[in-house]
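Me: I'd like to go through this model with you, a piece at a time. Can you start with whatever I need to know about strand pairing?
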Amino acid sequence: MKIVLLGPPASGKGTMAEMLSHEYNIPWISAGDVLRRESRKDTELGRWLREELKTGRLIPPDIVNELVNQELSNLDSWIIDGYPRDMDQARYMDEHNKPELVVLINIPRKVSEIRILYRRQCPKCGATYNLKTKPPKKDNICDYCGSRLIQRNDDKPEVLEKRWSEYINKTLRVINHYKMQGLVVEVNGDQSIMDEYKEFKEKLKAKGLLKE
Ligand SMILES: [Zn+2]
C-alpha cells in the first residue's frame, strides 16, 4: 500500500502510522526523519543539512521533496504522515509517487488545542501528561520519578497558532486536491486511540488495501 496520512495538529496521524507500520510491517516514512538521517551522512549535503537543522532554519522545499521522494521510490509499500503539506509538495509527489489513498484523520480545533496546550512532559523519564485529560497525581510533578514537568516549546500557544494557520491555508488545499480525485477517506480522530485505530483499519479494508 502507498498511503498518505493528513490531519490537523495532534490528530493522532503519527500514532496511527506507527501502529499500522508495526502491525503489518510496512515502512513508515516521515519527512523529518528523512532529513535527520540524511544529515548524519558524511557527504556535502549531509554536512550542510546538519548545520541548517542545528540552527533551525527552514530546509528549502525542493531539497525536502527530492529526498522524501527518493526514499519513497525505493519502496514497494509505504505510509507517510504530515507530507505533502502544501500544493507544491503534492504536485511533486503526484509526478513521482502518487498515493493510492489519503487518510484524513480529523479532529475539531478545540480538541487539538486541549491536546497540545495542556500537554506536559517529564524532562527526565519522558512520561507525558495532559493537565485536562491525564493529570499527574501531584501538581506538575511526574508520577514516576518526581521531576518537575515542562511544556515543550512546540506545544506553546504561538506555535499552535502557526501550525493551525499552515494547516488551514496550505494543507486543506492538498486535501481538496485529493478529494477531487476521489482519493480521500476520513477517520474520526476524536476518540480513544484503540477506536481510532480500529476505524482506520476498517477504512483501509473497505478500500481493499488490507485483508479482512
Ligand atoms: Zn518522570
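Reply: Two strands count as paired if DSSP finds at least two bridges between them, and please keep in mind that this is a predicted model.

Me: Is β1 enclosed or open, and why?
Reply: β1 is largely enclosed by the rest of the structure, because four of its five residues are buried.

Me: Switching to α7: what do its buried residues pack against?
Reply: They pack against β1 (2–6), α5 (87–96), β4 (101–106) and β7 (184–188), and the buried residues of α7 are Tyr167, Thr171, Val174, Ile175 and Tyr178.

Me: Where does α7 bend?
Reply: The bend, of about 40 degrees, is at threonine 171, which is itself among the buried residues of α7.

Me: Now the loops. What is phi for alanine 10, and is alanine 10 buried or exposed?
Reply: Its phi is near 65 degrees, a positive value in a residue other than glycine, and alanine 10 counts as buried because it has 21 C-beta neighbours inside 10 Å; alanine 10 sits in the loop between β1 and α1 (13–24).

Me: Last one: which peptide bond is cis?
Reply: The bond from tyrosine 83 to proline 84 is cis, with omega near 0 degrees, and proline 84 belongs to the loop between β3 and α5.

How values were computed:
Residues numbered from 1 in each chain as written. Predicted model: local features only at pLDDT ≥ 70, side-chain atom pairs only at ≥ 80, totals over all residues. Bend = angle between axes of the 7 residues up to and from the residue. Helix = DSSP H or I, 4+ residues; strand = E, 2+ residues; numbered from the N terminus. Buried ≥ 20, exposed ≤ 12 C-beta atoms within 10 Å, placed from the backbone. Contact = placed C-beta atoms within 7 Å.
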